[in-house]
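Subject: Structure handover

Dear colleague,

Here is the structure I said I would pass on. Please open it next to this message; my notes follow below it.

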Amino acid sequence: MLVSVKEFGSERQKTFTETLELAAANDLFEGTEFKASSPFKVNAVMTRIDRTFRVLVSIRGDVQFECGRCLEQVSEPVDVDTEWVLMSRSDWVDRYEDGDEEVELNEEDLDISFYSGDDIDLSELIREAIMLELPTHPICQVDTAACDAAYQSNVGEKALKENEEAEVDLRWGPLKDIKLKN
Ligand SMILES: [Zn+2]
């Protein structure tokens, strides 16, 4: 999502919406174990004070992943609501890094992101916000009954099979003994 400061004109607040179609939404998840399973909708309300912006953003979409419990591919919604403060890099330098200020502010202490020139690219902030929302060990959250059932059949069957294989060994043991005795 690319926004130009010039689009604001004399307005103080503007709302931007964008739908990332499946392919573009999928790019957000590159290098992760997640995939987009629907287009992603982004809504950003930007309020400006001079060249500093407060952004209220909401992101909605669905992700597909393999449940760590039932081992099925499942799709679940992602809802992100967050807030950013964006400041022009040159304003920051003028105000805080030119040495006139008695207190030197460290930008890492503040939750501020920067933009250069007149263009504000929200793409990386959007990606980061989604990543923060994703679980490290994803398991079914929505349909837990289906997760239970799939767990029984997928993981349960695997355990059963292992038991059966173990039983074969147990059966062969006594048979071998009988043969030796006869
Ligand atoms: Zn599951």
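Leu-71 sits in the loop between E5 and E6. Helices (H or I, at least four residues) and strands (E, at least two) are DSSP runs, numbered from the N terminus. The phi of Leu-71 is near 65°, which is positive, in a residue other than glycine. Leu-71 counts as partly exposed because it has 15 C-beta neighbours inside 10 Å. For this term, a residue is buried if 20 or more other C-beta atoms lie within 10 Å of its own, exposed if 12 or fewer, and partly exposed in between, with C-beta atoms placed from the backbone.

This is a predicted model, in which local features need pLDDT of at least 70 and side-chain atom pairs count only at pLDDT 80 or more, while totals for chains, interfaces and linings use all residues. Residues are numbered from 1 along each chain as its sequence is written.

The hairpin and its neighbours

The loop with Leu-71 belongs to a hairpin formed by E5 and E6, with six residues between the two strands. Strand E5 covers residues 52–66 and strand E6 covers residues 73–88; they run antiparallel and are joined by 14 bridges. Two strands pair if DSSP finds at least two bridges between them. One of the pairs links Asp-62 to its bridge partner in E6, Pro-77.

E6 also pairs with strand E7 (residues 112–115), in the parallel sense, over four bridges. There, Leu-86 has Ser-113 in E7 as its bridge partner.

Leu-56 is placed in strand E5. It is partly exposed, with 14 other C-beta atoms within 10 Å. Leaving aside neighbours within four places in sequence, Leu-56 is in contact with Val-45 and Glu-83, where contact requires C-beta atoms, placed from the backbone, to lie within 7 Å. Leu-56 and Glu-83 are 27 residues apart along the chain, and their C-alpha atoms are separated by 4.6 Å.

Asp-50 is in the loop between E4 and E5, and is exposed, with 8 other C-beta atoms within 10 Å.

The whole chain

The protein chain has four helices and eight strands. Their order from the N terminus is β-β-α-β-β-β-β-α-β-β-α-α. Of its 182 residues, 15% count as buried. Among contacts between residues at least 6 apart in sequence, 64% join residues at least 24 apart.

The core and helix H3

The largest nonpolar core has 26 residues, of which Phe-40, Val-42, Ala-44, Val-55, Val-57, Ile-59 and Ile-126 touch the most other members. Such a core is a set of buried Ala, Val, Leu, Ile, Met, Phe, Trp, Tyr and Cys residues joined through C-beta atoms within 7 Å. Strand E4 (40–49), E5, E6 and H3 each supply at least two residues of this core. E5 gives the most, with six residues.

Ile-59 shows how these pieces meet: not counting residues up to four places away in sequence, Ile-59 touches Phe-40, Val-42, Val-80, Ile-126, Ala-129 and Ile-130.

Ile-126, Ala-129 and Ile-130 are buried in H3. Seen down the axis of H3, its buried residues fall within an arc of 95°, so they line one face of the helix. The arc is that of the directions from the helix axis to the C-beta atoms. In general, an α-helix has 3.6 residues a turn, so residues three or four places apart point the same way. The buried residues of H3 pack against E4, E5 and E6. The face turned away from the buried side of H3 carries the exposed residues Glu-124 and Leu-132.

Two other positions

Thr-136 is in the loop between helix H3 (123–133) and helix H4 (144–181). It is exposed, with 5 other C-beta atoms within 10 Å. Thr-136 and Glu-33 are 103 residues apart along the chain, with their C-alpha atoms separated by 9.8 Å.

Lys-14 lies in strand E2 (residues 13–20) and is partly exposed, with 15 other C-beta atoms within 10 Å. Not counting residues up to four places away in sequence, Lys-14 touches Glu-7, Phe-8 and Met-46. The C-alpha atoms of Lys-14 and Ala-44, 30 residues apart along the chain, are separated by 8.3 Å.

Regards

Technical notes
Contact = placed C-beta atoms within 7 Å.
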